[in-house]
Amino acid sequence: MASPPANPAWTREELLLALELYVRHRGHLPPAEHVDVIELSALLNRLGQLTGIRTGDRFRNPNGVAMKLANFAAIDPEYPGKGLSAGGQLEKQIWQQYIGDPEAVMREARRIAASAFGTAASPGMREDQAVSPLRSAAFDFALTGKRVLITGGSKGIGLACAESFAEAGCDLILVSRDAEKLAAAADGLRAKAQVNVQTFAADLATDEGRERLHAAHPEPDILVNNAGAIPGGKLMDIPMPRWRQAWDLKLLGYIHMCQLYMPGMEARKAGVICNIIGMAGRTPRMGYIAGCTANAALIAFTSALGGAAVASGVRVFGINPAATRTDRMMTLARTNAKTQFGDEARWAETLTGLPFGRAIEPREIADLAAFLCSPRGGYVNGTVVDVDGGAMFRG
């Protein structure tokens, strides 16, 4: 097939790198209509930011280009492109040329990325383990080689955090109760990034489980407290043993983990603790009373601890995600439907009216956590960042 036309803004090599970014990272972008072409267009814009290449007006409106591209009938080679901008016509030709041979694109793009960003694979390393172009200087969080311990790390936000930190070059310690899920998560991460991934199966709802973890892995540079599953329900819906069980894992679990790991960080005069908490602590409601109360306590705990930790060179902060697209979200939606309507099958009705018409993607929380844990977020301490799309302030 013919090469893309000569273009003062984009060389063929730069376009191949854009496609590499698209192929490797499409799974981390939020879902949207015509998602494939929107992602490609957005990543072409991002490539311009990464390389400083002048793009002019060619890709200034990726969504508009994407809507035009969406009219292609299965990327019809005969489609004349009438009415497309110069950027849209160029994107059409890129799709026509490369959509049938993505492996060739990725091989050449990796070679180009190695030249452009110094991301060559190490000797003996499989090609699919090559370091992502996102680990260029423009995205360098200065976290390479840091040890990150993530609780609840086998799925959901915890696993997304593991992906973000792995892409930043961190070595990982993933913790959860399920050894099989941990092993699967670790295998997936090792296949994507050249980092060390260790796992530790433990019940973090118990003092003994947390103490075993600390004995085995006493000196992480970064601790991400994420394990927790507090049930929905009103005051009388939740028996006291269930309150205690849920709080032992999340509320008391976070507190005990900080007790265990803070002294070592203070002694080293370095370390970061990130507590993934939840917006329910800011917006209490009866239907999630156990979670609201625990989250509110953790918000206060995080701020108090961070205020004191700064004297030792340690940072402590939190993130409050609102509804996030995880299995946990579905469980709570079913509980909320039963509380509101007496029928958990009506769960979808509890998720209407979300900001931007969607739930949060786990990677949005994870990428924020990686940034805030990095030196680039080095003045963030004692605060808890609310991530709810502005829902708390809507009338």
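**Reading the terms in this structure**

Visitor: Why does K269 count as exposed?

Guide: K269 has a relative accessibility of 59%, and a residue is called exposed over 50%, buried under 20%, and partly exposed in between, with a 1.4 Å probe and protein chains only; K269 therefore counts as exposed. This is a predicted model, in which local features need pLDDT of at least 70 and side-chain atom pairs count only at pLDDT 80 or more, while totals for chains, interfaces and linings use all residues. Residues are numbered from 1 along each chain as its sequence is written, and side-chain values use heavy atoms, with hydrogens and water left out.

Visitor: What makes A142 partly exposed?

Guide: The relative accessibility of A142 is 44%, so A142 counts as partly exposed. L235, in the loop between β4 and α9 (240-249), is likewise partly exposed, with a relative accessible area of 44%. E364, which lies in helix α13 (residues 362-373), has 33% relative accessibility and therefore counts as partly exposed.

Visitor: How do you know that the structure holds zero disulfides?

Guide: A disulfide is a covalent bond between the sulfur atoms of two cysteines, and here the test is a pair of cysteine sulfur atoms within 2.5 Å. The count for this structure is zero. For C161, the nearest cysteine sulfur is that of C274, 6.6 Å away, and C161 is in no disulfide. For C274, the nearest is the sulfur of C373, 4.7 Å away, and C274 is in no disulfide either.

Visitor: Are C161 and C274 buried or exposed?

Guide: C161 has a relative accessible area of 0%, so C161 is buried. C274 also has a relative accessible area of 0%, and C274 is therefore buried.

Visitor: Why are β3 and β7 said to stand at the edges of the sheet?

Guide: The open sheet has seven strands in the order β3-β2-β1-β4-β5-β6-β7, with parallel pairing. β3 (197-201) and β7 (384-387) each have a single partner strand, so one side of each is left without a neighbour in the sheet. Neighbouring strands of this sheet are turned by 15 degrees against each other on average, direction ignored.

Visitor: What makes β4 and β5 a pair of strands?

Guide: Two strands pair if DSSP finds at least two bridges between them, and four bridges join β4 (residues 222-225) to β5 (residues 272-276), with the two strands running parallel. Within this pairing, L223 stands opposite I273, and V224 has C274 as its bridge partner. β4 also pairs with β1 (residues 147-151), again in the parallel sense, over three bridges; there, V148 of β1 has I222 of β4 as its bridge partner.

Visitor: How do you know that both faces of β4 are covered?

Guide: In a regular strand the side chains alternate between the two faces of the sheet. In β4, I222 and V224 are on one side and L223 and N225 on the other, and all of these are buried.

Visitor: Why is the space lined by residues such as N225 called a cavity?

Guide: A cavity is a set of points on a 1 Å grid over the protein atoms alone where a 1.4 Å probe fits but cannot get out, and lining residues have an atom within 4 Å of a point. The structure holds one cavity of 30 Å³ or more, and the largest cavity has a volume of about 30 Å³, a volume being the space filled by probe spheres set on the points, which are joined across faces, edges and corners. The lining residues are T151, L204, N225, A227, L249, G253, Y254 and M257. Helix α10 (residues 251-268) gives the most to this lining, with three residues.

Visitor: How many residues of each class are in that lining?

Guide: The lining has five nonpolar, three polar and no charged residues, where Ala, Val, Leu, Ile, Met, Phe, Trp, Tyr, Cys and Pro count as nonpolar, Asp, Glu, Lys and Arg as charged, and the others, Gly among them, as polar.

Terms used: 1 Å grid on protein atoms, 1.4 Å probe; cavity = no way out; pocket = protein on both sides within 12 Å on 5 of 7 lines; lining within 4 Å. Axes fitted to C-alpha atoms, helices over the stretch in contact; angles between N-to-C directions.
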